[in-house]
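Hi everyone, thanks for coming. I'd like to walk you through a structure today, and I'll go slowly so that you can follow along on the screen.

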Amino acid sequence: MKSLLDQLPAIVADGKREAERVLERAESNYRLGLHTRELVIPSKDSNWHDFLRLSDRAKTANEPANGRLIYGDNLLAMAALVVGDNDTPPMRGAVDLVYIDPPFDSKADYSTKIKILASEIEQKPAVIEQFAYSDTWRDGRASYLQMLVPRLYVMKELLSDRGSIYVHVGWQVASHVKIVLDDLFGYGGGASFPGLRNEIAWRCTTAHSDSKRYGVNHQTILFYSKGADPIWNNPKGEYDPEYVEKYYRYRDADGRRFMSDNLSASGLSGGGYEYEWNGHTRVWRLPPQSMKALHDQGKVFYTKNGIARFKRFLEEQEGPPLQSLWDQHTIWNDKETQFLVSWNDEFVDYDTQKPEGLLERIIKASSDRTSIVADFFCGSGTTAAVADRLGRKWITSDLGKPACMVTRKRLIDQSAKPFLYQHIGDYQVEQMRSTLGSKFRIGDLAEIVLGLYGALPLPIEENPNKNMGRVQGSKTLVLADSPNKMTGLATLRRAIEIRDNLMGGWDKVVVLGWNFSPNIGHDIEALGQGEKLEVLVIPPDLLDRLKKKGHKLKADEVRFSSLQYLKLGAVKRERQDSGESLSISIANYVLLSPEALNLDEANRDKLQKIINRDPLALIEYWSVDPDYDGEVFRSVWQDYRGNIENDSDPYRATTTARLAGLPKKDGTRRICVRVVDVFGFEAEATVEVE
């Protein structure tokens, strides 16, 4: 078997080719694109007074987004950003700073522990995430590099000529990742060359004992620039405490530390100014008027003999240039090297969370106020949170829904500027191209879906699109909808018509769908078909599973689940002197079948008890758009579990939104409510109020 060093040239070459293929597909007539699920305008305060008291709703809703939070495979997301689409200009060469922290611990536990009421449920990663993580480490470091190389290649395409990339890795893979980055960006060799700038050692934990080796208490951050003149704001560190104690040993009357520095010009080339000061005639560095000005400012220190010396105050010094060893002697604040624990203010209970001080240092050093900052392994959202606080535009993405939910809540919690929550458009179609080849037909996929459901295909003369089947031994018709369509009222009506007329009629029709219109639950109820119509969800990760297992995937391994939906309760709209107020309540939330979730039997039983007892406890986050236009959902009110400003229970969201201070509006208001449950599934309901 070849050593990893022998495999590296092929890994890098294959990674570049994969990146080029992804970019080529993205640039073809078929545009991958990014679909905006939500324009989030953070306002977690449920009474809305502070947010809208003096603002205009239309103006606020149209405020440009400061950032993008993207759910999905980061390779596809980056390719979509590079080439752009109808709503987004191409971003090739537009990003000034990329920081990534790709997971490097092959033994990491990526399960999610969810506290609901008095129970704790442990959910394993979604299958798409499991495959991603297992793929990353299938063959150890080789698989990790195979994952990373094409992504680094596309990141370089996004970087501006003055852009930099910081790659945060563990000691296990640092040396090999460095070789890859040297190949992609250049070895550097000096300040006037692109490529390697620094290998930074970040002390991330306190001292501890590791079995039969030195304690590992640092991680590596590899700093590269795309061009020879990157943005560089010359960051400063803090003086070593021992240096401060030795040289800044004096204190002024107000307690400020200072160093006693020479004011004599003795020994300096160029001479000075000879005169008497405080009874001592010397050659001074300053003319008399300047010496007097310093004295009046309290910046002259007198020795026991009365000789004047300069007070060099510690607080007025910039500090030494920052070095490549980042430990407790180089920090700006204690958050930078502080190991995050549950009582820390910024702790969000995410395994790979990095302290904000660390990202603040990097962003301040290598970006400007006009820069775009990106992080394509989002994790807990630290990069986005700090970039927003520092006034930068930002882009972040993650394959895991828990990461996206944590990040969205974190940004709302810090009252971030408006941002977009997006996902990759037609993701299933793109994955099908990757799985079945570029010449795939939608009918081929429908035939596979029907087989996994357990339906036999209808005769081709009755079924030219290959999307209909029957359940053997019954009069049940099964219809598989297309992945590039929204299953909605029109599809359901067509399914009912086919059920009643095709081949003499059927007792029941089952519709299998990928994506659903927001009002699908209400549409099913309004049609009143009872047991004669059933709508089921095709597992969203099915294409990823097919890619991994192909024809080995069996029907009993695939669960088609019932549709989740949301029911609204009382909605009140009232006139006020200066505007209007709204009150919107959630009456019920129905989760996907527990069987569809990646839970073991014990956790599934716990979940079923919670569903029976209090289904609204499953709501993780919900938001309101009081003037929904049917296209862009503008989230201007939010609540979520953990926000105790609306109620005192940290394990559940409030069930009533109160929006006061809305501008007056004539006629009907179209109100839209979106809900995300603790497992990341979404549902939506719309109501019109006079």
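Let me start with a question: is arginine 389 buried, partly exposed or exposed? Have a look before I tell you. Okay: arginine 389 is partly exposed, with a relative accessible area of 41%. One thing to keep in mind the whole time is that this is a predicted model.

Before we zoom in, here's the overview. The chain has 690 residues, and 52% of them count as buried. It contains 18 helices and 34 strands. Now take the contacts in the chain with a separation of 6 or more: 69% of those are between residues 24 or more positions apart.

Back to arginine 389, then. Its side chain meets the side chain of glutamate 360 in a salt bridge, at 3.5 Å from N to O. Glutamate 360 sits in helix H10 and arginine 389 in helix H11, and the two are 29 residues apart, so to speak linking distant parts of the chain. And what about the accessibility of glutamate 360? That one is buried, with a relative accessible area of 13%, because the cut-off for buried is under 20%.

Let's look at those two helices. In general, two packed helices are described by the angle between their axes and the distance between the axes. H10 covers residues 356–366 and H11 covers residues 382–389; they pack at an angle of about 60°, with their axes 9 Å apart. That makes H10 oblique to H11. The crossing of H10 and H11 is right-handed. On the H10 side you can find Glu356, Leu359, Glu360 and Ile363, and they meet Thr382, Thr383, Ala385, Val386, Ala387 and Arg389 in H11. Sort the residues of this contact by type and you get 5 nonpolar, 2 polar and 3 charged.

Helix H6 runs over residues 141–158, and it packs with H7 at an angle of about 30°, the axes being 10 Å apart. From H6, the contact uses Arg141, Tyr144, Leu145, Leu148, Val149, Leu152, Tyr153 and Lys156, and from H7 it uses His176, Val177, Val180, Leu181, Leu184 and Phe185.

Aspartate 183 pairs with lysine 16, and their closest N and O atoms are 3.2 Å apart. Aspartate 183 is in helix H7 (residues 174–185), lysine 16 is in helix H1 (residues 4–27), and this pair links parts of the chain 167 residues apart. Aspartate 183 counts as partly exposed, at 45% relative accessibility. Lysine 16 is partly exposed too, with a relative accessible area of 26%.

What does lysine 16 contact, leaving aside its neighbours within four places in sequence? The answer is Val149, Tyr153, Asp183 and Leu184.

Lysine 567 is partly exposed, at a relative accessible area of 29%. There's also a network: salt bridges that share partners join Arg573, Arg575, Glu580, Asp627, Lys665 and Arg669.

Last stop, two loops. Asparagine 278 has a positive phi of about 55° although it is not a glycine. You'll find asparagine 278 in the loop between strand S11 (273–277) and strand S12 (280–284), and it is partly exposed at 46% relative accessibility. Serine 415, again not a glycine, has a positive phi of about 55°. Serine 415 lies in the loop between helix H12 (401–413) and strand S18 (419–424). With a relative accessible area of 54%, serine 415 is exposed.

Technical notes:
Residues are numbered from 1 along each chain as its sequence is written. This is a predicted model: local features need pLDDT of at least 70, side-chain atom pairs count only at pLDDT 80 or more; totals for chains, interfaces and linings use all residues. Side-chain values use heavy atoms; hydrogens and water are left out. Axes are lines fitted to C-alpha atoms, for helices over the stretch in contact, and angles run from 0 to 180 degrees between N-to-C directions. Helices (H or I, at least four residues) and strands (E, at least two) are DSSP runs, numbered from the N terminus. Angles under 35 degrees count as roughly parallel, over 145 as roughly antiparallel, 65 to 115 as roughly perpendicular and the rest as oblique. A crossing is left-handed if the near helix is turned anticlockwise from the far one by less than a right angle, and right-handed if clockwise. Contact means heavy atoms within 4.5 Å. Ala, Val, Leu, Ile, Met, Phe, Trp, Tyr, Cys and Pro count as nonpolar, Asp, Glu, Lys and Arg as charged, and the others, Gly among them, as polar. A salt bridge is a side-chain nitrogen of Lys or Arg within 4 Å of a carboxyl oxygen of Asp or Glu. Buried means under 20% relative accessible area, exposed over 50%, partly exposed in between (1.4 Å probe, protein chains only).
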